[in-house]
Amino acid sequence: MKNSPVISYKGISRFIRVQVILSLLLFSVIRVSALSFEKAADAAVIGRWDITIDKAGKSLPSWLEVQKSGTHILIGRFTYAFGSARPISEIKLHDGKYSFSIPPQWEEGNRNMDFEFELKGEELVGTMVYTDGVTYHFTGVRAPSLIRAKDPVWGTPVKLFNGKDTKGWHADGKNQWTVESGILRSLHSGANLITDKTFTDFKLHIEFRYQKGSNSGIYLRGRYEVQIMDVKSGEPEPINNQFSAIYGFLPPNKMMAKDAGQWQSYDITLVGRLVTIVANGTMVICRQEIPGITGGAFNSKEGEPGPILIQGDHGPIDYRNIVITPAK
C-alpha cells in the first residue's frame, strides 16, 4: 500500500501567503484603476455649466458649478430658475453618475431637490426631482469664459427709454408698465419689461425710485441681476442679495442705498463677465467676475448677446433716464 502524500505545514503556509499577496496586488490594481477612473471623470465635470431644465414643456434656465475640495471630494453651487446661488455640500459619483441634493429656498414644499447627471460627450444630461416629487430632465453645456482679448471701444450712447411710451420694449406677460410725466412706472407686481434689442458689452446708466419695502432688479444681458431693494425696512438679506449686489454672487463693498422715495442711480459697465457698479456716485463693485446666471434669468445661453430686463414681478418701482453705450 502506497503512502499518501504529506503536505507540510510550511507548504500550506507559503501557499496561503502567496494567495494573500496576489489578492492584495489585485485589489490594489483594481483600486488604482477605480481611482484613476474617478479622477478622470471628475476632471471632465469640474467647472461651470449652463443648464436648461425641461419642466412640463417650459425651458427653465439654471446654472451649476462643480469644484474640487481637498484631495477627492467634489462640492459646488447651483442656481435654479429663481432665487440665489446655493451651496452644494457634496457631489457624489456612483456607477458613472453624479448626484447632489439641495434644500428648498423659495420653492413650495419641504423635500429637497435631488439631482443626478452624467457626462455624455460634451454635454451634461440628467434629472431633477423637484420639491413636489415630480422628475424633470435637464441638459447642460460648459459655460463660456467670456474673456475679452482687448478693452472695448465704446460707441454712441443710446436712450433706451424715450420718456413718452414703452417703444423699444416688450413685457413677458400682461403689461402693467405705464409712462407718466417722463417716468416709467410699474405700480404693482406684474410682468418684467425687456428691451427689443440685445447687447453684448456695454455701459448702462439708469435711475430708479422705489417705495418702502419694494424690490426690483436690472438684468444685464437678461441674465445677471443687479439688485434693487429697500434695505432700510423689512427682514435683512445676506449682503450679496442686497442693494447694488449681483444677486447671490457679488456683494457691494459699501452700502450706498438711499431712503425709499428718493431717486437713485446705477452706472454699470459689463465687459465679458467683468462688472463694475457705481451706486449713487460711489463705486461698490470694481471689475469683478460674475460666475454665472442669477435666478430669474432670461435664458442660460451666456455666450449670446442679451437684452436689458427690468424686473416687474416684485413691487412698485419707477425708472427714468435709461441710457446704454454699447461697445463697437
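Which residues is Q227 in contact with, leaving aside its neighbours within four places in sequence? I looked this up and found N215, S216, N241, Q242, F243, S244, A245, Y247 and Y266; contact here means heavy atoms within 4.5 Å.

A note on the model: it is predicted, so I kept in mind that local features need pLDDT of at least 70, side-chain atom pairs count only at pLDDT 80 or more, and totals for chains, interfaces and linings use all residues. Residues are numbered from 1 along each chain as its sequence is written, and side-chain values use heavy atoms, with hydrogens and water left out.

Next I placed Q227 in strand β16; strands are DSSP runs of E, at least two residues, and helices are runs of H or I, at least four, numbered from the N terminus. Q227 counts as buried because its relative accessibility is 3%, where buried means under 20% relative accessible area with a 1.4 Å probe, protein chains only.

Then I turned to the whole chain. I noted 1 helix and 21 strands, with buried residues making up 42% of the 328 residues.

I went on to the nonpolar cores, sets of buried Ala, Val, Leu, Ile, Met, Phe, Trp, Tyr and Cys residues joined through side-chain atoms within 4.5 Å. The largest has 43 residues, and L204, L220, Y266, V275, Y319 and I322 have the most contacts inside it. Among the elements giving it two or more residues are β14 (202-210), β16 (224-229) and β21 (317-326); β14 gives the most, with 5 residues.

I also checked L220: not counting residues up to four places away in sequence, L220 touches F202, L204, V226, I268, L270, V275 and P307. A second, separate core of 24 residues includes I51, Y130, Y136 and F138.

Notes. Buried < 20%, exposed > 50% of the residue type's maximum accessible area, 1.4 Å probe, protein only.
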